[in-house]
Amino acid sequence: MAQHWQELIPIDRYLVTSNGLLHEYDRKVLTFLYQPLIGSTCLSLYMTLWAELEENKLWSESSTHHLLMNLLSVNLKDIYEARLMLEGIGLLKTYVKTDESGRSFIYEIHPPLNPEQFFLDGMLNIYLYRKIGKNHFSRLKRFFTIPKKPMEEDYLEVTRAFQDVFASATPGSLQYMQEHAEDLEAESTQEFIGRQEQKPIQIDTSTFDFDMLMAGLNESLVPQKALTKKVKEVISNLAFLYGISPIEMKNFILGAINENDEIDIDDLRKGARDWYQFENYDQLPSLINRTQPAVHQVQLTEPKTQEEKLIRYYETTPPIVIFKELSGGVEPSVSNLKILEEVMIKYKLPPGVVNVLIEVVLRKTDMKFTKGFVESIASHWARLKIKSVKEAMEAARKEERSFKESKKTGKSTKQKPIRTEVLPDWFDDNGKESVKDPIKDNSELEAKKRAFEEKLKAFRK
């Protein structure tokens, strides 16, 4: 990320705190379940921040980021990128304060999900399955589970209740409680050390068009009360994970309604997963297989101009397909796919915007897809909060105009040769088609060359 120094510098100070007590068992969960998704650098950063917390305390001493660079033996750019990854997956929250003394951060580390939550998450478990494969996934599942021991039918429970063992309060004990009420209550400036159950990854429900979904469900007599808060959260996650539209989601809901007019969440998840695998030849989803969410689509009418057709194409096509087509049908390498997924995770760019980014990068770098150049554009667009294909195209045009202006106004006498870049057709400011005919261009060039040679001959005579 080229501009990481704008967000973080080595002398910036930080404190580490914890959202709850971390246990030794968490190390196994982080190592085996989270590390395949976030990588070793992210895990090292998390473990280092954890180690800075003294035993049974929830706050560390103040340190600079230069210390972190030395402890991890990595540069500040890697630390910043690892921090973003930890934030995105729910293991870290970051708070910043700027005053006359400089900038300081609080890094609040969060415990991981417990194994049961992780394997039943419906999102993280699917990404892990795709990452490590069926055999290793099954092995990890066995590692974190034990066989259930069925209760013998011959046994009768004889456990006593609290009231069967302890006596009721006496008048004397009640008076004692009233006299020492202040001591028995926690002070307002303190809180008890403990640990709350971690919340799984949740996609914002505002990203899904529930109005369109309800319009379709009303025709099928599905009661609105069936769409509980929990069901809506699951629908949002499934729509994000599998790229399901509101119209398609209606069919899965109808298949998950039980006799009590309630939506069975397990049936809903299974229906969506089975449909996706059927449509994609038994493959599970990855980020680069998604298309632009409906909430960020701008080309809603029938496209008329070439640019409108291109916008519609980018909004309805997954990044992996765009990459392959722009590469002349060549399959993207593993490193290319990893760069694309990292961009979509770290910078939260929608698939349609990533499609524009792919074309800009490949055209401007002679079909090379280098991580540094990709991230420099992605981070810039993320700061501009670009969410639509049209906004991405406008940003690319603006950047190109700025680049051309800087070349015109440059006063350097010793300029290096500037490589000619092949730009997308839509870079034309007016949005008009500007595709050039290479045959015509070559013939014009040859004509000018011959005319110039004729002048030289005349001059020599």
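Reader: What makes the place of Phe 162 part of helix α8?

Author: Phe 162 sits in α8, which covers residues 162–165. Helices here are DSSP runs of H or I with at least four residues, strands are runs of E with at least two, and both are numbered from the N terminus. This is a predicted model, where local features need pLDDT of at least 70, side-chain atom pairs count only at pLDDT 80 or more, and totals for chains, interfaces and linings use all residues. Residues are numbered from 1 along each chain as its sequence is written, and side-chain values use heavy atoms, leaving out hydrogens and water.

Reader: Why is Phe 162 called exposed?

Author: Its relative accessible area is 62%. Buried means under 20%, exposed over 50%, and partly exposed in between (1.4 Å probe, protein chains only). Phe 162 is therefore exposed, at 62%.

Reader: How do you know that β1 and β2 pair?

Author: Two strands pair if DSSP finds at least two bridges between them. Strand β1 (residues 13–18) and strand β2 (residues 63–64) have two bridges and run antiparallel.

Reader: What joins β1 to β4?

Author: Six bridges do, and β1 and β4 (residues 102–109) run parallel. Ser 18, for instance, stands opposite Ile 109 in β4.

Reader: How many bridges join β3 to β4, and which way do these strands run?

Author: Eight bridges join β3 (residues 92–99) to β4, and the strands run antiparallel. Thr 94 stands opposite Tyr 107 in β4. With two residues between them, β3 and β4 form a hairpin.
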